[in-house]
Amino acid sequence: MSTLDVASLGRRLESVRERIASSAVNCGRSPDDVTLVVVTKFHGADLVRALADLGVRDVGENRHQEAEAKHLQCSDLDLRWHFIGQLQSNKAAAVRRYADVVHSVDRDSVVAGLERAGLADPGLGTLDCLIQINLTDDPGRGGVQPENLDALATQVMSTTTLRLRGLMAVAPLGENPEPAFEAVAMISENLRRLAPDATWLSMGMSGDFESAISFGATHLRIGTEITGKRPNPV
Ligand SMILES: *Cc1c(COP(=O)(O)O)cnc(C)c1O
């Protein structure tokens, strides 16, 4: 039996939307400049469907197999699929078949894999890509170290089927996120000298999205605050 409570889902979504709008207005930004990506990982296709009914257009997934299956089950819905998880280059071609945006580009081999898939199937069009910045010293967290950003950005810009739209970052867990958001905003400003169209800033999750908005986030990736606690991964 489904335990999906659509009424409370709707209330939580509305409350997050209101908080996004008031945070944007409070720092002199238009709420229309902030895109809410609802992170649906570990939840079933029924949740994605309920969100679509509530007017959600952007959903985020972090694991390829799960995302691919859910996308197939929801192929009748008008959604943009954001891939936000660590990406292995051998999965890049498969991810490209359903993803509208990849937030987690962080290596040459991933750029090459995505480009190869795009060249092999021109019907896929141009893929919006964000480069993930790693703000820690731990390579296991995913993302490129800031000193290697320009080289990777140049590589994305030299492709014909990928469009560099900006940066993605996850603030370090259990710390004040503001120094991280401020650092990413500065890195973004520098990047735009090289890549003027790379204006997107994907940062801000359930616990820190209001702060992210104040540092210029254009895309928020919000899960639990809207969906409730995630079921355990299967
Ligand atoms: C799961 C996840 C999120 C959403 O996290 P919440 O705290 O549930 O809002 C955002 N970004 C990434 C990369 C994630 O993996």
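The lining of the largest pocket comprises nine nonpolar, eleven polar and four charged residues, where Ala, Val, Leu, Ile, Met, Phe, Trp, Tyr, Cys and Pro count as nonpolar, Asp, Glu, Lys and Arg as charged, and the others, Gly among them, as polar. This is a predicted model, in which local features need pLDDT of at least 70 and side-chain atom pairs count only at pLDDT 80 or more, while totals for linings use all residues. Residues are numbered from 1 along each chain, and side-chain values use heavy atoms, without hydrogens and water.

Of the 24 lining residues, Lys41, Ile84, Val170, Met205 and Arg221 lie nearest the centre of the pocket, whose volume is about 510 Å³. A pocket here is an open set of points on a 1 Å grid over the protein atoms alone, where a 1.4 Å probe fits, with protein on both sides within 12 Å along at least five of seven lines, and lining residues have an atom within 4 Å of a point.

The ligand takes up the space of this largest pocket. The shell around the ligand holds four nonpolar, four polar and three charged residues, including Val39, Asn62 and Gly223, a residue being near if one of its heavy atoms lies within 4 Å.

| Residue | Part of residue | Distance |
|---|---|---|
| Ser206 | side chain | 2.6 Å |
| Thr224 | backbone | 2.9 Å |
| Arg230 | side chain | 2.8 Å |

Key: Polar contact = N/O pair within 3.5 Å; in protein donor to acceptor, adjacent residues only side chain to side chain. Sits in = over half its atoms within 2 Å of the grid points. Points joined across faces, edges and corners; volume = space filled by probe spheres on them.
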